[in-house]
Structures are given as structure tokens and as C-alpha cells.
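Here are my notes on the charged side chains of this model. Please read them next to the coordinates.

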Amino acid sequence: LASVGNIVAGGLVIVTSIALVTDFALPAAAVRPVVLLSLVVYTILGLLLWNAFFAALAATINDPNHSSRSSLLMLPTLPVVLALAVLRDPDSLLSRGLALFPLTSAPALPMRLILSDPGPLEVGVSLALLVGSILLVRRIAGRIFEIGILLQGKEPTIAELARSYSARS
């Protein structure tokens, strides 16, 4: 959360600096209390989702310095890059899909709230899908951690994880 706070503070400094030099201004919707609250909620939920993913990934790595799975740590940048499509057309089918898909909803839906009006139904469905995904990924991460403890000493393959996971279900 401290890292997110630093990013927000840095972004505010950059936006303020740009506003002083040019005639750029934030959209009025960006400072509405509902939008600010949704930014906080989606940031926290997005962190919970990706932290559960990282916990599952970390449970399969016995030496992070020599594991080929370490490259998966960059995976959360992909939804942020995809969510930039919302800037081009916030009401397109792609933007709506990104706002509903749990892996991309944390960055995409707040952008839609600032640039468009997604409506309470879309926000509610997006929140429900995101919370459900968090619960599912946390459960899977717990199972993978349990399997990782049992397979101590070697890095399990995806096939071994799938076999062990299905045997425990």
C-alpha cells in the first residue's frame, strides 16, 4: 500500500506540474467522492487478487534466483497495459469487457468511471466478479501451498500441481 501511495503522490506531482506548464486539467469526474472511493476499493481488491496469485506462484518456487517462473512476476503489468485501451474509447465493447474481466477490472473500471458512466449494474457485476475471483485464487493458492509443502525439495511441475490438486479436491 505504501508503494501505491508513492505512485499516487508521484502522479499528483506530475499532473500538477503539467497543469502549471500547459492548460491540462483533470476531468471533473476524477474528483467525485464516488470515483475516489472506487479507486481505493479497486486498488485494494486488485492488490488482494494479485497477491494471492503471487502466493500461489511463490509456493511453487524453491529457489527464486534459478527459477524460470520468476518471469511470471511481471504478469500484473499486462492488465494495466490492456486497460489503456479504455482511454481510446471508454464505451467500446473492449472497454466494457476489460472493466468486467477480474484480472483487468482493477485498472479498467476506475478509468471508465472517470471517462464515462458505466452505470451501477456494471460496477456491481464487476465488483462481484473481482471479489469472487479473489476468493477462488486464494483457495487455489492455499491448495498449491499445501502441495508445495508436501513436495518439499524440488520445484513441482504444472502437471504435478494439477494432479495433486485434483486428487485433494
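1. Arg-96 and Glu-122 form a salt bridge, with their closest N and O atoms 4.0 Å apart. The term means a side-chain nitrogen of Lys or Arg within 4 Å of a carboxyl oxygen of Asp or Glu. Arg-96 lies in helix 5 and Glu-122 in helix 7 (residues 120–150), so the pair ties together parts 26 residues apart in sequence. Helices are DSSP runs (H or I, at least four residues), numbered from the N terminus.

2. Bear the source in mind. This is a predicted model: local features need pLDDT of at least 70, side-chain atom pairs count only at pLDDT 80 or more, and totals for chains, interfaces and linings use all residues. Residues are numbered from 1 along each chain as its sequence is written, and side-chain values use heavy atoms, leaving out hydrogens and water.

3. Arg-112 forms a salt bridge with Glu-122 as well, at 2.2 Å between the closest N and O atoms. Arg-112 lies in helix 6 and Glu-122 in helix 7, so this pair ties together parts ten residues apart in sequence. Shared partners join Asp-91, Arg-96, Arg-112 and Glu-122 into one network.

4. Asp-91 meets Arg-112 in a salt bridge (3.2 Å, N to O). Asp-91 sits in the loop between helix 4 (85–88) and helix 5 (93–100). The whole structure holds three salt bridges.

5. Which of these residues are buried (under 20% relative accessible area; exposed is over 50%, partly exposed in between; 1.4 Å probe, protein chains only)? Arg-112 is buried at 0%, and Glu-122 is buried at 10%. Arg-96 is partly exposed at 37%, as is Asp-91 at 41%.

Note on methods. Helices (H or I, at least four residues) and strands (E, at least two) are DSSP runs, numbered from the N terminus.
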